[in-house]
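These are my notebook entries on a structure I looked up today.

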Amino acid sequence: MSTVIEVRNVSKSYGGVIANKDVSMDVHSGGITGLIGPNGSGKTTLFNSIVGYHPIDSGSIKFENREISKLNVPEIARLGLLRTFQQTRIYGEMNGVENMLISLPHRKMKLMESFGNNSAEDYERADHLLEFVGLYEKRFLRSGSLSFGQQKLLEFAMALMNEPTCLLLDEPTAGINPTLINGLIDRLKRANSEFGITLFIIEHNMRVIMNMADHIYCLAHGELLAEGAPDQIQNDQRVIDAYLGAH
Amino acid sequence: MTALKVILYIVLLAFTVAAPFLFPDFRTQLATLWLMIVVSLTWDMTGGQMGYNSLGNIFFYGTGMYVAAVISIGLVYDVAEYTSAAGGGMNDFTPVQYFTGVGLGMLGAGIFCALCALILGYILFGLRGPYFAIGTLGVAIAAGELVSNWEWVGGGQGITLPVYPADLDEGKLFFYFLFAGTGVILFIFLRWLYGTRFGAAINAIRDDEEKAEAMGIHTMRYKLVTWSMAGFFVGIVGAISAFQLISFEPLESAYQTINLGIFMVVCVLLGGKGTLWGPVIGAIVFHVFKEVTWNYLLGWQWVALGALIVVTVVYFQDGIMGWLAHRKPEWFGVRVEKNDATEGADR
């Protein structure tokens, strides 16, 4: 298995607060990698560093063997490395279909092509993915009027529309109705197996992440605490201590 | 487009052509109405469709005036000599020179303003929200002050252009059709543009620019191109205004930040931000309101106008089209549709 994202010795601090210290990890192509850790352990900071949201203090981040730690957000997104947000972000004034169509990959789109219209295949793909996340009936509603959980599903569908190589999901099940979570896990797994998208997931819900990921990293106080297969992590005393506050 | 819409557009176009003949006494007011429509539509391109509230679009209007004046004078005279003579015996233009000046002046003003928007946008689009509004306002005010101290273009006295070289009533028709023509072309252009991927991209920037960046949209590119399209059309109507007004000066008529510069924003808010028809309807209502109060409430006209602005901003933020969209969402394509797809996820 080749490595899609290679994080090496990344450190990031905000003033005196050290959010990430000397973190290294690999995300393998085609897999589902999990990232867990107590609140404030630096998970979202690491995600933000990877997608170019802020410059890192030291270290290196590579995407498909290309150094990306100096690139900005849209450039990294156009390479095929996409993220969703913890606080869901969709285009609230536009309806579901419009949200999907504007999420078509902009990697190759030239300015002149933007003056064209979307093709029938684009519409079909949008409808298909909206169907995939269960929002087909609500596709002509203003997406800002959808519930939080539905917006989260829409954001996920938009990410799929963009055909990324790798998708970083920041707490995909937070705020979603427990009965919908199983459906979402199933869809995430299918996105991974059917569309071949590598997933890198921050998740607090242990049942969800243990069920999905094939490899898990655990952060605590900005440092890498443990890594391994789900059952290894589950039985790691350091991880249990970090979550129960034995520090 | 449905047949009903086609008929509606034909009727509107016919009325546009017939209006100055039906109401010959109001030719100048009708021309000004089209000016209001153009500046409102262009303001809405960034303000309503892209979420960047510019208070400095008047910069393109003033700059358009000056560029057109300099071009049309420069074709015949030395600009410095002409402006220092201030109309003293140096404004003989043959009809051919006049109309060449108008045509090239309009074109030059549009292109120059589009370029200005690219350069200014590159600097200013780093600012968001109220900072962008204040930044652009600063540009317009600074430009007015700079030009009023620039003797080559007449300084604070401004420029006096040649008069329309024929019957003055015919001149009023000429300017009406220049404004109306620009307005109709702009409307058709925007109707098309908002339906393309480009339109969707600027809407995405309005709704959540950070998300748009995270999805890989070339945000800066779209912002620059949109503002330069707006600048192009504002520059053109600025040029037409220069020839229509004949004599203009920098602070009150060219870079008039507190009049037209604010009116265009109020028109859009009144009609409904981010819609194609909102700015048009807003401009018509606003202009009629303004003309009526200026005629029948003289002395209180600014109070009435101020009251209209306050009421719009405080109680009627969504404007006429926004109010309609709340009342009749189905007219705007909002609907729940039964699932008729045969394949897909289980739910």
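This is a predicted model: local features need pLDDT of at least 70, side-chain atom pairs count only at pLDDT 80 or more; totals for chains, interfaces and linings use all residues.

**Entry 1: H2 and H7 of chain B.** H2(B) and H7(B), the latter spanning residues 168–193, pack at an angle of about 25 degrees. Angles under 35 degrees count as roughly parallel, so H2(B) and H7(B) are roughly parallel to each other. Their axes lie 9 Å apart. I noted the crossing of H2(B) and H7(B) as left-handed.

Next I listed who meets whom. From H2(B) the contact includes Leu30(B), Trp34(B), Leu35(B) and Val38(B), and from H7(B) it includes Leu173(B), Tyr176(B), Phe179(B) and Phe187(B). I sorted the contact of H2(B) with H7(B) by class and got 15 nonpolar, four polar and three charged residues.

**Entry 2: H1 and H2 of chain B.** How do the axes of H1(B) and H2(B) cross? H1(B) covers residues 3–22 and H2(B) covers residues 27–47; their axes come within 9 Å and cross at roughly 150 degrees. Angles over 145 degrees count as roughly antiparallel, so H1(B) and H2(B) are roughly antiparallel to each other. H1(B) passes H2(B) in a right-handed crossing. On the H1(B) side I found Thr16(B), Ala19(B), Pro20(B) and Phe21(B), and on the H2(B) side Arg27(B), Leu30(B) and Trp34(B). The residues of this contact of H1(B) with H2(B) divide into five nonpolar, one polar and one charged.

I went back to my list for Entry 1: Arg27(B), Leu30(B) and Trp34(B) of H2(B) also meet H7(B).

**Entry 3: a sheet in chain A.** I then turned to the strands. Six strands of chain A form an open sheet in the order E6-E7-E8-E3-E9-E10, and the pairing is mixed. Which strands are at the edges? They are E6 (81–83) and E10 (223–228) of chain A, each of which pairs on one side only. From one strand to the next the twist averages 15 degrees.

Inside the sheet I checked one pair. E7(A), residues 166–170, and E8(A), residues 198–202, pair in the parallel sense over five bridges. Cys166(A) stands opposite Thr198(A) in E8(A).

Two helices pack on this sheet. H1(A), residues 43–50, touches E3, E6, E7, E8 and E9 of chain A, and its direction makes about 145 degrees with that of E8(A). H9(A), residues 237–244, touches E3, E9 and E10 of chain A, and its direction makes about 130 degrees with that of E10(A).

**Entry 4: E1, E4 and E5 of chain A.** E1(A), residues 3–14, runs antiparallel to E4(A), residues 58–63, and five bridges join them. Val7(A) stands opposite Ile61(A) in E4(A). E4(A) also pairs with E5(A), residues 66–67, in the antiparallel sense over two bridges. Phe63(A) has Arg66(A) in E5(A) as its bridge partner. The hairpin of E4(A) and E5(A) has two residues between the strands, and Glu64(A) there takes a positive phi near 50 degrees.

**Entry 5: a salt bridge.** The count over all chains comes to 15 salt bridges. I looked up one of them: Glu93(A) with Arg142(A), whose closest N and O atoms are 3.1 Å apart. The pair links distant parts of the chain, 49 residues apart. Glu93(A) is in the loop between E6 and H3 of chain A, while Arg142(A) is in the loop between H4 and H5 of chain A.

Conventions:
Residues are numbered from 1 along each chain as its sequence is written. Chains are lettered from A and ligands numbered from 1 in the order in which they are written. Side-chain values use heavy atoms; hydrogens and water are left out. Axes are lines fitted to C-alpha atoms, for helices over the stretch in contact, and angles run from 0 to 180 degrees between N-to-C directions. Helices (H or I, at least four residues) and strands (E, at least two) are DSSP runs, numbered from the N terminus. Angles under 35 degrees count as roughly parallel, over 145 as roughly antiparallel, 65 to 115 as roughly perpendicular and the rest as oblique. A crossing is left-handed if the near helix is turned anticlockwise from the far one by less than a right angle, and right-handed if clockwise. Contact means heavy atoms within 4.5 Å. Ala, Val, Leu, Ile, Met, Phe, Trp, Tyr, Cys and Pro count as nonpolar, Asp, Glu, Lys and Arg as charged, and the others, Gly among them, as polar. Two strands pair if DSSP finds at least two bridges between them. A salt bridge is a side-chain nitrogen of Lys or Arg within 4 Å of a carboxyl oxygen of Asp or Glu.
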